Amino acid sequence: MTLQDVLAAFLFAIAIWCTSYIRKQHRLPPGPNKINLFRTRFKAPQVSAENPLWKQYAELSKLYGPVVYLGLGKAPFIVINSAKSAVDLLNKRSRIYSDRQMTVMNSELTHRGQTVFLCSTSNPRLVQYQKMFREEMGVNSVHKHCKTQEQEAKSFLRNTLNDPQYYVQHLKTVAGSIIMKVTYGYTVEPHNDPMIQLVRDWLATISLKALPGYWLVDSYPILKYVPPWFPGTEFHQWASEQNTLLEKMISTPFEWTRRQMQHTDPTTINSFVASRLLAKPDGSNDAYDDVIRYGAAAMYVGGVDTAVSVLEAFILAMVLHPEVQRRAQEEIDQIVGPSRLPEIKDRPNMPYLNAVLTEVMRWSPIAPLGNTHRLTEDDVYDGMFIPAGTCIIPNIAAMLHDENRYPEPKKFNPERFLASDEKEPQDDPRIFIYGFGRRICPGRHFAESSSFALASGLLATFNILKAVDGEGNEITPLVEYENSFVSHPKTFPCRFVPKSEAAAQLLTDS
Ligand code: HEM
């Protein structure tokens, strides 16, 4: 044995000792008893629209503090219910807190691990995705989409003028058409668009079943060898359905753009996919196309449902708070005047409307549990030991409804975000609405301008009022939500009454 061998053995022993010392000194974060997946599957929390998962997780903090440990089978989970801990861990230590959990379901049984949302930090693709998004939707490039966002917003307003009772359908159409135009250069059919349907079909399968830890096979990988005909192997069917739907959703619009580029002067096709394909370096292979295909699909998946959610909540807030609506309309009238629609460049001049939109996103959390992060190295936080491999669920909704940060959190109050002589504005919730660290939402600037174009257009042209029943009584909608991954208020009736003939005329002018 050489001296070097002895030294190496000594250092190795020290490393082992340090690790076990740290583990002994620091305890795991507090939480309900370590429970195994078999039991949690049978005693799973009863998730319902009235009692969503985020509220159940938030309740745990009353007993255990802001960081709660849930041992689910082999995968340790922690839920973070406070903004401070989320920022401390997911932002300030983002180097080690930004991975995704590579479950057997995601990485072996389906191709979901290649999607942007689940791509591991160890996969070189992630850096390529992030670079593409920065170039397409970063703070310095996002303005190139304003024209499309404004034009599509105008079509939405026109549809709402013509068929106001179908406003939710119009919202879904406009959210899809903005993204499809920007991403693929594709114009969406007003009804039953086949490309939109592909995404809806895929999204319809995304539920609790898509969460890491849901399937037993994720905790007990040996189960993947059990043949699909064996009872209790529903995971095989789910995986196969995922692969078929994912492939269709990712390839169909991408191939459509590629065909357009063959028939038209490709430089005139202004879209994310076309410009990426045009910039394709000589000699690059199919892997390059694959990054574009998956990147493009992520723009659609990330951008559509979230846009609908913001606008539904905005409309609900306007129906319930006519005084807020009037004040925002006055601001728009003052800045824009009667002869044109608002434009995205007007946004910095409308502090009140901006405060309204900020409060909408706080009051009605869009992605209540964000997306799960995964820790890649052992860590110690506030005396708690968090082992490598732990999955972190940021409870964004709990942070947005934390009464210490946002007093009377259920109250819709845009004034929170306006400074006055007497008070400072409350914290801008964008620090957690769009997620954290290296996984922060790359579409956030795009989302802000889309929401502004749609909301300012609605207030410039309509009064949004309570619906009335057969006897002329106003119907006050309840603040209730669907039980879904991206949160949506339950559909409620309301009226869109043009503010004036001149306002309606703005929509019919070409
Ligand atoms: C108000 C609207 C939106 C909200 C509230 C929102 C929120 C979020 C959140 C919470 C995450 C998870 C971040 C994390 O893991 O910590 C996320 C990720 C993502 N969002 Fe958004 N988003 C919105 C709009 C958009 C838009 C318009 C796009 C694209 C056009 C988009 C594309 C994405 C993508 C690709 C990811 C995955 C990032 C990654 O895993 O690295 N989002 N978003």
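Residues are numbered from 1 along each chain as its sequence is written. Because the model is predicted, local features need pLDDT of at least 70 and side-chain atom pairs count only at pLDDT 80 or more, while totals for chains, interfaces and linings use all residues.

The protein chain has 19 helices and 9 strands, taken as DSSP runs (H or I, at least four residues, for helices; E, at least two, for strands) and numbered from the N terminus. Of its 510 residues, 41% count as buried, that is, with 20 or more other C-beta atoms within 10 Å of their own, the C-beta atoms being placed from the backbone.

Then there's Cys441, which UniProt lists under "binding site" in an unreviewed entry; positions follow the numbering used here, feature names are shortened, and such annotations may be inferred rather than shown by experiment. Cys441 sits in the loop between α17 (430-433) and α18 (444-461). It counts as buried because it has 21 C-beta neighbours inside 10 Å. Neighbours within four places in sequence aside, Cys441 is in contact with Gly302, Tyr434 and Gly435 (C-beta atoms, placed from the backbone, within 7 Å).

As for α18, it packs against α14 (residues 322-336) at about 90 degrees, with the axes 9 Å apart; axes are lines fitted to C-alpha atoms over the stretch in contact, and angles run from 0 to 180 degrees between N-to-C directions. The two helices are therefore roughly perpendicular (65 to 115 degrees). On the α14 side, the contact is made by Gln325, Ala328, Gln329, Ile332 and Val336, and on the α18 side by Ser456, Leu459 and Ala460.

Conventions. Buried ≥ 20, exposed ≤ 12 C-beta atoms within 10 Å, placed from the backbone. Contact = placed C-beta atoms within 7 Å. Parallel < 35°, antiparallel > 145°, perpendicular 65-115°, else oblique.
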